[in-house]
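Biologist: I would like to learn how to read a protein model. Can we take it one feature at a time?

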Amino acid sequence: MRAHNIVNGPVYKEFPLQQTLKGEDGYHSEILDAIYERLQSMLGRRWTFAFAATVTYPRAYSANQDNRDIREFIERVAGEIRLKSPVHYVWVREQNLGCPNPHYHILFLADGDRICNGWKKKTFIEDTWARVLRIPSGEGYVEISDPEPCAGPHTPDYGCYPVRLGMMIDSRANDFDARLRQVLNWVSYWGKVKTKVPVPGRRSWGASQL
């Protein structure tokens, strides 16, 4: 990532950026571009479901510094999603001050007609992270984002398929553009500069192939 690719302000292209203390140092435009391109590639279908996970290491764990853990983790999770749906993803590596290990945020994009509930993936994702780390349980080291904890006019419920722990975009809805901006604002967090500690020879983010 390059310093001259850092952007500031409330909007980048079509991205309404989060204006919080965590975003005060700006955003990496190449990460925002990667997210936008993959989201656009999914919008040709009726529904697109976005859900996200944060994975961390046990405090006493000595983490690999070469991203092999997140690569294996995503390969397993994306492979399971592909059994039902096309999938795209973007991951970022961050590390908090004073923490010996990094943590990762991963955004998954899937066909909302096939997958609409991040909660149903939680146990599988916890078990997968535990297998990657070779620890007894992943419980407590995986968080599934809940961007819409309260039901509202933009929290869709498609019959018997309630949307949980993620955000759905309906390409045929009257509020499609407004909904897309909501989702972009949520996922702009992945591009923030803060806590992305550069490691020589190691990537700070990655994405699925288009």
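**Reading the fold**

Modeller: Start with contacts, meaning heavy atoms within 4.5 Å. Among contacts in the protein chain between residues at least 6 apart in sequence, 71% join residues at least 24 apart. This is a predicted model, so local features need pLDDT of at least 70 and side-chain atom pairs count only at pLDDT 80 or more, while totals for chains, interfaces and linings use all residues. Residues are numbered from 1 along each chain as its sequence is written, and side-chain values use heavy atoms, with hydrogens and water left out.

Biologist: How many helices and strands does the protein chain have?

Modeller: Helices (H or I, at least four residues) and strands (E, at least two) are DSSP runs, numbered from the N terminus. The protein chain has 4 helices and 12 strands. Its radius of gyration is 17 Å, close to the 17 Å that the globule rule gives for 210 residues, so the chain is as compact as a globular protein of that length. That radius is taken over C-alpha atoms, and the rule is 2.2 Å times the number of residues to the power 0.38. Along the principal axes, the C-alpha atoms fill a box of roughly 50 × 40 × 30 Å.

Biologist: What share of the residues is buried?

Modeller: Buried means under 20% relative accessible area, exposed over 50%, partly exposed in between (1.4 Å probe, protein chains only). Here, buried residues make up 50% of the 210 residues in the protein chain.

**Helices**

Biologist: How do I check a helix, and which side of it is buried?

Modeller: An α-helix has 3.6 residues a turn, so residues three or four places apart point the same way. For length, the expected span is 1.5 Å times one less than the number of residues. Take helix α4 (residues 176-187): its 12 residues should span 16 Å, and its end C-alpha atoms are 17 Å apart, which agrees. In α4, Phe176, Arg179, Leu180, Val183, Leu184, Trp186 and Val187 are buried. Seen down the axis of α4, these buried residues fall within an arc of 160°, so they line one face of the helix. The arc is that of the directions from the helix axis to the C-beta atoms. Their cover includes β3 (15-16), α1 (29-42), β5 (47-55), β7 (103-111) and β11 (167-170).

Biologist: What arc do the buried residues of α2 fall within?

Modeller: The buried residues of α2 include Phe73, Ile74 and Val77. Down the axis of α2, the buried residues fall within an arc of 140°, so they line one face of the helix. β5, β6 (87-94), β7 and α3 are among what covers them. The 15 residues of α2 (residues 68-82) should span 21 Å, and the end C-alpha atoms are 21 Å apart, which agrees.

**Single residues**

Biologist: What does Leu107 touch?

Modeller: Leu107 is found in strand β7. At 1% relative accessibility, Leu107 counts as buried. Not counting residues up to four places away in sequence, Leu107 touches Ile35, Ala50, Phe51, Ala52, His88, Tyr89, Val90, Val187 and Trp190. Leu107 and Val90 are 17 residues apart in sequence, yet 5.3 Å apart in space, C-alpha to C-alpha.

Biologist: Is Lys121 buried or exposed?

Modeller: Lys121 is buried, with a relative accessible area of 10%. Lys121 lies in helix α3 (residues 119-133). Beyond four places away in sequence, Lys121 touches Phe51, Glu80 and Ile115.

Biologist: Which loop holds Lys13?

Modeller: Lys13 lies in the loop between β2 (11-12) and β3. Lys13 has a positive phi of about 55° although it is not a glycine. Lys13 is exposed, with a relative accessible area of 63%.

**Rings**

Biologist: How do I read aromatic pairs?

Modeller: A pair of aromatic rings is described by the distance of the centres and the angle of the planes. Rings of Phe, Tyr and Trp (its six-membered ring) pair if their centres lie within 6.5 Å; planes under 30 degrees apart count as stacked, over 60 as edge-to-face and the rest as tilted. The structure holds 9 aromatic pairs. Tyr189 and Trp190 form an edge-to-face pair, 6.4 Å centre to centre with 85° between the planes. Ring pairs also link Tyr57, Tyr61, Phe73 and Trp129 into a cluster.

Biologist: Where does Lys192 lie?

Modeller: A charge sits over a ring if NZ of Lys or CZ of Arg is within 6 Å of the ring centre and within 35 degrees of the ring normal. Lys192 lies over the face of Tyr189, at 3.8 Å from the ring centre.
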